[in-house]
Amino acid sequence: MTELIFYLDIFGTISFAVAASLMAYKKNLDPFGILVISVITSVGGGTLRDILLRNYPIFWIDNITYLIVIIISSISTQIFIKYISRITDILLIFDAIGIGVFTVIGIKISLNFHLHPLISITMGTITAVFGGLIRDVLYNEIPVILHKELYATLCITGGAVFFILKYFQIQVEINYAVSMLFIIITRIVAIRYNLSLKSLTFIK
């Protein structure tokens, strides 16, 4: 299980690195700027999570693999940007995969500390969205999680799904898969149909 979680974490890191690089490229950043944004987006949430949980050493400092994967993913994305950008909704897909994987990873790590489910869901959400929040601040934009899209809400809901399945003693591997897919699929649907909290409520 530990090995599976590690590979999922690496997969999520690659997804966020690619998504961040694509977005930074669209913002006309130079190659180094794109790389910096990629690193911050990919490890920002996990770094804050580890600091809050006092989980030292911080994951990417303890294992250089994360930085290597981010650098390779970002540079490869920049090199093949013309081909990658032709794929429809590629940014959406990688971003959705990233938040789905990172939410579950954050919850899994918090469970090692025997925390309350609400705290664990919070840690999962922080892992998934905080790097993007820093990215948007560096872009001098209102973070996307605060104003227009179903983003952090889906991470929280996915975390709730995880603990509901855990309560019913669903096999843990299945629980991880279902929770991740729930977040990934709902994120894609929310973007495709322009869904937001405003569109789902009577708030104007």
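Colleague: Which residue just after α9 takes a positive phi?

Modeller: Bear in mind that this is a predicted model, so the angle is a computed one. Phi is positive, at about 55°, just after α9, and the residue there is N194.

Colleague: And what about the helix itself: how far apart are the end C-alpha atoms of α9?

Modeller: Helix α9 covers residues 172–192, which makes 21 residues. At 1.5 Å a residue they should span 30 Å. The model agrees with that, because the end C-alpha atoms of α9 are apart by 30 Å.

Colleague: Within what arc do the buried residues of α9 fall, seen down its axis?

Modeller: The buried residues of α9 are N175, Y176, S179, M180, I183, I184, R187 and A190. They line one face of the helix, because seen down the axis of α9 they fall within an arc of 150°.

Colleague: Nice. Which helices are among those that cover the buried residues of α9?

Modeller: Here we look for contacts, with heavy atoms within 4.5 Å. What covers the buried residues of α9 includes α1 (2–26), α6 (90–111) and α8 (152–167).

Colleague: Let's turn to R187 in α9, then. With which residue does R187 meet in a salt bridge, and is R187 buried or exposed?

Modeller: The partner of R187 in the salt bridge is D95, at 3.4 Å from N to O. This pair links distant parts of the chain, D95 being in helix α6 and R187 in helix α9, 92 residues apart. D95 has 10% relative accessibility and so counts as buried. R187 has 5% relative accessibility, so the word for R187 is buried.

Colleague: Moving on to α8, what distance does it reach from its first C-alpha to its last?

Modeller: There are 16 residues in α8, and 22 Å is expected at 1.5 Å a residue. The reach from the first C-alpha of α8 to the last is close to that, at 23 Å.

Colleague: What covers the buried residues of α8?

Modeller: The buried residues in question are A152, L154, C155, G158, G159, V161, F162, F163 and L165. Their cover includes α9, α6 and α7 (117–138).

Colleague: Which residue just after α8 takes a positive phi?

Modeller: The phi angle there is about 60°. It belongs, just after α8, to Q169.

Colleague: How many salt bridges does a search of the whole structure find, and which residue forms one with E141?

Modeller: A search of the whole structure finds 4 salt bridges. In one of them, E141 sits in the loop between α7 and α8, and its partner lies 114 residues away in the loop between α1 and α2 (31–53).

Colleague: One more salt bridge, please: which residue meets R135?

Modeller: R135 is buried, with a relative accessible area of 5%. The side chains meet at 3.1 Å, N to O, and the partner of R135 is D136.

Colleague: Last one: the backbone oxygen of which residue does the side chain of S76 reach?

Modeller: S76 is found in helix α4 (residues 65–79). With 31% relative accessibility, S76 counts as partly exposed. Its side chain reaches, at 2.7 Å, the backbone oxygen of I72.

Key: Residues are numbered from 1 along each chain as its sequence is written. This is a predicted model: local features need pLDDT of at least 70, side-chain atom pairs count only at pLDDT 80 or more; totals for chains, interfaces and linings use all residues. Side-chain values use heavy atoms; hydrogens and water are left out. Helices (H or I, at least four residues) and strands (E, at least two) are DSSP runs, numbered from the N terminus. The expected span of a helix is 1.5 Å times one less than its number of residues. Buried means under 20% relative accessible area, exposed over 50%, partly exposed in between (1.4 Å probe, protein chains only). The arc is that of the directions from the helix axis to the C-beta atoms. A polar contact is a pair of N or O atoms within 3.5 Å; within protein, one must be able to donate a hydrogen and the other to accept it, and residues adjacent in sequence count only if both atoms are side-chain atoms.
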